[in-house]
Amino acid sequence: MSSRTVKPFYDPPSLIVKQLRSALLIRRLTGWSKLPWWTTQAGKIFQIAAGCQGVGCFGYPVHPVWEVTSRCNLTCDHCHARGGESEGKDELTTEEGKMRVIDPLAQVSDFKSLIFSGGEPLVREDIFELIHHAKMRGFYPIVATNATLITSTVAEKLKKAGTIGIAASIDSTKDEIHDAFRKKPGALKLAKEGISNAAAEGMYIQINITASKINLGELEDIVRLADDLRAHVILLYQFIPSGRGLDNLQFELSPDEFRREILQMGSLQKDIHPVIAPVGLPEYWALLSATRNHTGNDQVLRGCICGNGMFYIKPNGDVWPCAFVPVSGGNLRSATPLEIWRDSQLFRSLRDRSNLKGACNTCTQRGICGGCRARALALSGDLFAEDPKCPLTDIERTRRAC
């Protein structure tokens, strides 16, 4: 096996400065009091952020995510991958995963971490081999999982393979709600046990929450549970009408509900340890900036990272600009990651926000938001349309952001 090819998170050193600048901006916008604790965890957090260039939707730009399988032991109502419906017949093989995904991804200088996602990545028999291969190339491997399969033995194997952290899903503090959403009795109990097993191995813990009509009233309770579990980051997903979500549109929040959610989470951030980062809600930072009269944030806040920070690989090798945008910019069986990342017309057009239409085009918050491209595509059929569920007021859209 060849030696490391991915540069570490501190190369160049300016990346560490950008991560610190992001943390300080979050403190300014929310009054976050737990920054001193965060600094004690910096060794793990710097590796996970792995060269982050700011704060954006989906946590941080730039990072590749590989949906290694759409197979799953659950059939959740919101799953963009329609997990559990496929037998995985067209998945990239182990060798393709190494030669077509991991090795060439290492040639893209922007990529330093690699998230293994699904479906449920732990149902893939070669997952530990693939994680180990990524680690040997210099990546910082993370596993996005429902956590129900992480026994103490599995946690030990994940750690030994090179996994530095997990992103685990909790959608309610109530067993009956979480289990019904995930379509498996005992799912919440198993998930909490899995998270504890991973934490016992010293891994970074990220809690993923999908905000919807089902749990909007208990978001504070779920966030505080994640804090009790000593999560380092909370990814606050929104219910996006993508994949199986298209069959459950009744769960999606309204603009007013998005607004109340943003303001509530911005207030909660003050006294909890993990950083709350939105997914499918780039208006989060724009609204907090506007309501707190903070300007000059466009170098840190990136908003929607569809095509501009997300490189989402499907099981068959197709590359989407976002997990919730089912449009391919190329396939890794016939193109390299560098070719797609650098030259794909889809990715290039998404990076130019002057291509946005309607309110998203004229909004002064465009640089730090950009609207949710997945929601625009799902609800209007146009990837570049204005975000139809934008929670910003007309005044906030015209307030000078930078």
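Colleague: Which residue forms a salt bridge with Arg 375?
Modeller: Happy to start there, keeping in mind that this is a predicted model. The closest N and O atoms of the pair are 3.7 Å apart, and a salt bridge needs them within 4 Å. Arg 375 sits in helix α15 (residues 373-380), and its partner lies 92 residues away in helix α11 (residues 283-291). That partner is Glu 283.

Colleague: Is Glu 283 buried or exposed?
Modeller: The cut-off for buried is under 20% relative accessible area. Arg 375, at 0% relative accessibility, counts as buried. Glu 283 has 1% relative accessibility, so Glu 283 also counts as buried.

Colleague: Which residue forms a salt bridge with Arg 244?
Modeller: Good one to look at in the structure. Arg 244 is in the loop between β7 (233-238) and α10 (255-268), and the pair links parts of the chain 159 residues apart. The partner is in the loop between β2 (63-67) and α4 (94-105). With closest N and O atoms 3.0 Å apart, the partner is Glu 85.

Colleague: And which residue forms a salt bridge with Arg 124?
Modeller: Arg 124 lies in the loop between β3 (113-117) and α5 (127-136), and its partner is 33 residues away in the loop between β2 and α4. Both members of the pair are buried. Their closest N and O atoms are 3.7 Å apart, and the partner is Glu 91.

Colleague: How many salt bridges does a search of the whole structure find?
Modeller: The pairs above, such as Arg 244 with Glu 85 and Arg 375 with Glu 283, are examples. The search of the whole structure gives 28.

Colleague: Which are the edge strands of the open sheet of 9 strands?
Modeller: The pairing is mixed, and the order is β8-β7-β6-β5-β4-β3-β2-β10-β11. An edge strand pairs on one side only, which leaves β8 (275-279) and β11 (319-320).

Colleague: In β10, what is the bridge partner of Pro 64?
Modeller: Strands β2 and β10 (residues 310-313) run parallel and are joined by 4 bridges. For Pro 64, the partner in β10 is Phe 311.

Colleague: Last one: at what angle does helix α9 run to β6?
Modeller: Helix α9 (residues 219-228) lies across β6 (204-211), β7 and β8. Its angle to β6 is about 170 degrees.

Note on methods
Residues numbered from 1 in each chain as written. Predicted model: local features only at pLDDT ≥ 70, side-chain atom pairs only at ≥ 80, totals over all residues. Heavy atoms only, no water. Salt bridge = Lys/Arg side-chain N within 4 Å of Asp/Glu carboxyl O. Helix = DSSP H or I, 4+ residues; strand = E, 2+ residues; numbered from the N terminus. Buried < 20%, exposed > 50% of the residue type's maximum accessible area, 1.4 Å probe, protein only. Pairing = 2+ DSSP bridges. Contact = heavy atoms within 4.5 Å. Axes fitted to C-alpha atoms, helices over the stretch in contact; angles between N-to-C directions.
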